[in-house]
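Visitor: I have a structure open and would like to learn how to read it. Could you walk me through some features?

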Amino acid sequence: RRELRWKYVGSTHAMGKRKSSAPPPPKKPQPKLDTAFDCPLCNHAKCVTCKISLEQGVGKLECSICGATFVCSVNSLSAPIDVYSEWIDAQE
């Protein structure tokens with residue numbers, strides 16, 4: 001009489017492993033936006049500064065050379081470039 005023995009031959013496919021949770025990729029730094037711009041009235045470079053007051057909802061541009069000012073309303077999403085763009089649009 002022959003004895004039946006089970007012999008592990010191996011499966012045709014490997015058992016799946018759980019994927020290890022890799023840390024998320026590092027975030028790219030946001031590019032810095034300018035707060036000093038060229039004055040459209042006196043044509044000096046980087047002489048217009050922008051100040052945004054979110055409490056009052058006002059954005060103010062002022063040229064340090066010719067003294068030109070511009071004030072407009074802003075919201076929480078407004079950036080200095082937005083205020084400057086409104087000034088340029090108002091000039092035209």
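This is a predicted model: local features need pLDDT of at least 70, side-chain atom pairs count only at pLDDT 80 or more; totals for chains, interfaces and linings use all residues.

Visitor: What is the sense of the pairing between β2 and β3, and over how many bridges does it run?

Guide: The general idea is that strands of a sheet pair through backbone hydrogen bonds, either parallel or antiparallel. Here β2 and β3 pair in the antiparallel sense, over six bridges. α1 packs on the sheet and touches β1, β2, β3 and β4. The direction of α1 makes about 110° with that of β4.

Visitor: What is the order of the strands in the sheet?

Guide: The sheet is open, and its four strands run in the order β1-β2-β3-β4 with antiparallel pairing. β1 (36-37) and β4 stand at the edges with a single partner strand each, so one side of each has no neighbour in the sheet.

Visitor: Which residues have the most contacts inside the largest nonpolar core?

Guide: In soluble globular proteins, nonpolar side chains tend to be buried together. The largest such core here has 14 residues, and those with the most contacts inside it are Cys39, Val48, Leu61, Cys63, Val83 and Trp87. Its largest share, three residues, comes from α1. Leaving aside neighbours within four places in sequence, cysteine 63 is in contact with Cys39, Cys42, Cys47, Val48 and Ala68.

Visitor: How many salt bridges does a search of the whole structure find?

Guide: Side chains of opposite charge can pair when their charged atoms come close. The search finds one salt bridge, in which the side chains of lysine 46 and aspartate 34 meet at 3.3 Å, N to O. Lysine 46 lies in the loop between β1 and β2 and aspartate 34 in the segment before β1, so the pair ties together parts 12 residues apart in sequence.

Conventions:
Residues are numbered from 1 along each chain as its sequence is written. Side-chain values use heavy atoms; hydrogens and water are left out. A nonpolar core is a set of buried Ala, Val, Leu, Ile, Met, Phe, Trp, Tyr and Cys residues joined through side-chain atoms within 4.5 Å. Buried means under 20% relative accessible area, exposed over 50%, partly exposed in between (1.4 Å probe, protein chains only). Helices (H or I, at least four residues) and strands (E, at least two) are DSSP runs, numbered from the N terminus. Contact means heavy atoms within 4.5 Å. Two strands pair if DSSP finds at least two bridges between them. Axes are lines fitted to C-alpha atoms, for helices over the stretch in contact, and angles run from 0 to 180 degrees between N-to-C directions. A salt bridge is a side-chain nitrogen of Lys or Arg within 4 Å of a carboxyl oxygen of Asp or Glu.
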